[in-house]
Amino acid sequence: MLLIDCPYCGPRNENEFTYGGQAHVPYPEDPYELTDEAWGQYLFYRDNQQGEYAERWAHAAGCRRWFNAIRDTRTYQFLAVYSMGAGRPELAFEGGTR
Amino acid sequence: MSAPTPEIRAVSRRLPGGGRIDRSTSFELTVDGVPVAAHPGDTVASALLASGRTHVGTSLYRSRPRGIVSAGVEEPNALIRVRESGSVAESMLPATAVPATDGLEVETLSGRGRLDPGPDTDLYDKKYVHTDVLVIGAGPAGLAAAAEAAATDARVILLDEQTEVGGSLLAGGETVDGRPGIDWVDDVRRDLASRPEATVLTHTTAFGSYDGNFVIALENREAASRAPGQRAAGVSRQRVWHIRARQVVIATGAHERPLVFANNDRPGVMLSSAVRSYVGRYGVAVGARVVVATTNDSAYATVSALQGAGIEVAAVADSRASLSAAASAARQDGVRVLTGTAVVDTVEAGDGTGRVAGAVLGALTPEGTLTGETMAVDCDTVAVSGGWSPVVHLHSQRQGTLVWSDRLAAFVPDQAVDAQQVVGAARGDYLSADIVSRARAVGAAAAARAGWGDAPEPVDSEPTGDGDTRPLWLVPSVAGEDQWENHFIDLQRDSTVSDVLRATGAGLRSVELVKRYTTLSTANDQGKTSAVNAIGVIAGILAGGGGADVSMGDVGTTTFRAPYTPVAFTALAGRERGELFDPARLTSIQEWHVEHGAVFEDVGQWKRPRYYPQGDEDMDAAVNRECLAARTNVAFQDVTTLGKIEIWGKDAPEFLGRIYTNGFKKLVTGKGRYGIMCTADGMVFDDGVSLRLEDDRYFMTTTTGGAARVLDWLEEWLQTEWPDLDVHCTSVTEQWSAIAVVGPRAREVVAKVAPDLDVSQDAFKFMEFRTTTLASGIPARICRISFNGELSFEINVAGWYGRSAWEEVAAAGAEFDITPYGTESMHVMRAEKGLIIVGQDTDGTVTPYDAGMGWVVSKPKDCIGKRSFSRADQEREGRKQLVGLFPVDKSFRLPEGAQLVEKGTPITPEEGPVPMIGHVTSSYFSSNLGRSFALALIKGGHSRLGDIVTAPVNGILMDVEITDSVFYDKEGTKRDG
């Protein structure tokens, strides 16, 4: 059971959260300008990388707010949490947020 | 279950003194119906041994006599079924870990348990706690670490699976800080008890270790109470602890390994440490004359203990070529120590019990082969020590790595898991002085890491072990090179060296494959005594008796998985069983439905009346009657369960326009509109009617099962994509009760219930709503919404008025013979009108166009999913589309989910695979139509109206005609009454 540091509520058990997949995949400005292939990329394709991964979480059984996190997919360690809309932080530090 | 083998030695083997048992109290338990005397502090196994019985159930596959092997949870043989007065019987428990209690009924098992058919009426509960430092295991290492951590005032939890703290020190004979180990244990116990932030839990096994230092442990509270059957009311029998720890210290000790020689499974062959434990801790002589077989120094503590208790040590077979200091000391005490020697076989007693009556000793060459003549030594017990395996399960469950140490002949933890440390025998320190000094440093450091004190990090160091070990993975066979049938590796599985040879002979090399091929280490002890020996045997076989050098590390371990020891499902369930397993959601009208004989169905967590049978009606009869009432007279339904969400804010109209495929900006206040929402890939996600309450306020309804999902969906888009929109969403499902009044005479009923309201068609049109006060004084919002095509009113009142308003409708409708109807009739009637149920007639691959609802997609505005409607895939021929079906046989009801094929398609196995063209999504018998009908998704269905296709159903080939999906009142003449 991961301990996830909700930026609004503090550290809470993983089962209070829902997962929202890769972060920083915005809804296209004008979907109609996109080719079918580009639209399909937005709909169906996500990175599946080993290592630091920016992803979205929602504290569904808590404050119900969405936020972004950077998690190491090899260790499950959360390296940073940050608010929706904020840019992906540079990780100048080693280790977790808690 | 097995009949116990006759045991001739029914004499008491209780030593005159010593041990941790309370000799001032005696009681009896029964084992296979025979009374056995015991003292508090005994386990079932120690009581059995004290009564002179070594035998337990015979082996699972080969029915060989078996005896008690160990003194702990690693026991492979002594499995029992126990029943404590007032509790359910439990199977497959190790007798070596079950405390003996007064009146306990014990039955020995042959490796296979039996569920108690009776209900388990005991209480089980859970506890969730946080701690700075969690110490697992209360032997010398755990006690020392916990004491140091607790001294900083850090919050400390110390767990141990045994009845009391002390671990290996309980067997006696060891010293700590120059004092008897037991005295030191008592000091630490008292110290911890005096610290308010320290919790010590005995009878508590940490069985699972998960990410984020989340450890789950099972506390046996019945045993802890020491007064079984007399627990106070409301006290749980077992408790599952969910522990979140900043720091974890693993001090789980080590398990001794047996030796793999011929006939090593005879009763009387026992782990050396167990022999010592029975003597020192339980005051039981396991035999009268003992041969000790060892690969390391630890067995000499057993030799001393036996001598101290006056038990004859016939010989010590030490595999090592030269005398260690401990071996020399034993020899000076007059013990016959034979170096470079192994026990190679055992002699069976002549009394038919199968018990060991002698050990066959053989000298070993430096290469490990036999040399010279073998020699038989009479004995009734063979104490074996094949070395020690650190209990690394919890470390490994967290993907902590292991490394093979040749010096220790053991897999030891390599890199510690983040925020964890391993101490004591679990890391390969075997001597008390080494264990305690390092554990103290680790305990203090763990507290410091958690923010208590400023102790330094412990210095990295190699585990110290205890002298040299010469492991014997595969003791040569005296009977011949190919005689391995009775070299047992896994006693519980009856797996032998022969089995491993068969696996390697079949070409298997991976330990994971050999494990599965042979079932080695797959019994309920998960190979605690057998796994490392199995790896040794595999390595030995793969090395091929010389030539290739296959190390233990090359073979590697199998994967360690939770639970460390078996846990009953009932404990995991805790109080979440019966009604609390999945709490039911009930409307405020529920009791009326029960009183009126409703049959319920589950819709999500809701209980909804499915139909209301009268007299001896079956469902079909009840549904026919209910539908007829709704179509020709008047009927009413509890529709409280529909999801309801209030949507507020100045941007609410814009927001709904983006969420729904159709527009809601121009919807006039006081009116409602049906809408469909799609996911970004254009598939139907949910539907429902939304009312515009005010300019900036809407009341959205969702499907019953989709309410939570829709709220999540709305909030996700608002927070992640459109934070600039001023919109707030609030679930109000529980705040409203809703009653649908349906049928040609609905207007007359509603006119009575809501006398202030002009319900005439001119004053109150379809898809409008009004606020009013019912005759009873209850404030209400009444909508003209229909889900079956009839004149229909939906009366919404505050949740707590639900039943009152319902009864008001029932009373007003009595003169019209108003009929309550359930979800089944609702389903039939909506299907007659071709109205979809999202999730039944759609499945995540259906667009509004596929569902024949293109009209619901607004042309001028954009919405979620709209871009996807112009993807090439949407233009594809053969998309599955929603249509109606008429079975040619009007009385034949197709099963929902039935597949559809082209007429004439051969469906024999030889002609397969059969091309499917679609499936039935909804299917009913309609009393209004006088026939069966269905909805279906069929490839290219919209252009196939009138075609005949076939539904193969249980051997019948039923032809069905594809039709339009609206079966009833296509012109919509009924809607306004």
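Q: Where in chain B is the place of B:Asp177?
A: In this predicted model, B:Asp177 sits in the loop between strand S10 (175-176) and strand S11 (179-180) of chain B.

Q: What makes the phi of B:Asp177 worth noting?
A: The phi of B:Asp177 is positive, at about 55 degrees, although the residue is not a glycine. Most residues other than glycine have a negative phi.

Q: Why does B:Thr519 count as partly exposed?
A: The relative accessibility of B:Thr519 is 30%. Buried requires under 20% and exposed requires over 50%, so B:Thr519, at 30%, counts as partly exposed.

Q: Is B:Arg427 buried or exposed, and how do you know?
A: B:Arg427 has a relative accessibility of 10%. The cut-off for buried is under 20%, and B:Arg427 therefore counts as buried. This residue is in the loop between strand S28 (420-422) and helix H9 (432-449) of chain B. Beyond four places in sequence, B:Arg427 touches several residues, among them B:Val412, B:Arg438 and B:Glu462.

Q: Why is B:Val82 called buried?
A: B:Val82 has a relative accessible area of 7%, which is under the limit of 20%, so the residue is called buried. B:Val82 belongs to strand S5 (residues 79-83) of chain B. Leaving aside neighbours within four places in sequence, its contacts include B:Val88, B:Leu93, B:Val98 and B:Leu104.

Q: What makes H10(B) and H11(B) oblique to each other?
A: The axes of helix H10 (residues 497-505) and helix H11 (residues 511-518) of chain B come within 9 Å and cross at roughly 120 degrees. Roughly perpendicular ends at 115 degrees and roughly antiparallel begins over 145, so an angle of roughly 120 degrees is oblique. The contact is made by B:Asp499, B:Val500, B:Arg502 and B:Ala503 of H10(B) and B:Val514, B:Tyr517 and B:Thr518 of H11(B).

Q: How do you know that the span of helix H12 (residues 531-543) of chain B agrees with what it should be?
A: At 1.5 Å a residue, the 13 residues of H12(B) should span 18 Å, and the end C-alpha atoms are 18 Å apart, so the two values agree.

Q: What makes H12(B) mostly covered?
A: In H12(B), 10 of the 13 residues are buried, including B:Val532, B:Ile535 and B:Ile538. H12(B) is followed by B:Gly544, whose phi is positive, near 70 degrees.

Q: Why is the peptide bond from B:Ala562 to B:Pro563 called cis?
A: Omega of this bond is near 0 degrees, and the bond is cis. B:Pro563 is in the loop between helix H13 (552-555) and helix H14 (569-573) of chain B. A cis peptide bond also joins B:Gly912 and B:Pro913, with omega about -5 degrees. Most peptide bonds are trans.

Note on methods: Residues numbered from 1 in each chain as written. Chains lettered and ligands numbered in written order. Predicted model: local features only at pLDDT ≥ 70, side-chain atom pairs only at ≥ 80, totals over all residues. Heavy atoms only, no water. Helix = DSSP H or I, 4+ residues; strand = E, 2+ residues; numbered from the N terminus. Expected span 1.5 Å × (residues − 1). Buried < 20%, exposed > 50% of the residue type's maximum accessible area, 1.4 Å probe, protein only. Contact = heavy atoms within 4.5 Å. Axes fitted to C-alpha atoms, helices over the stretch in contact; angles between N-to-C directions. Parallel < 35°, antiparallel > 145°, perpendicular 65-115°, else oblique.
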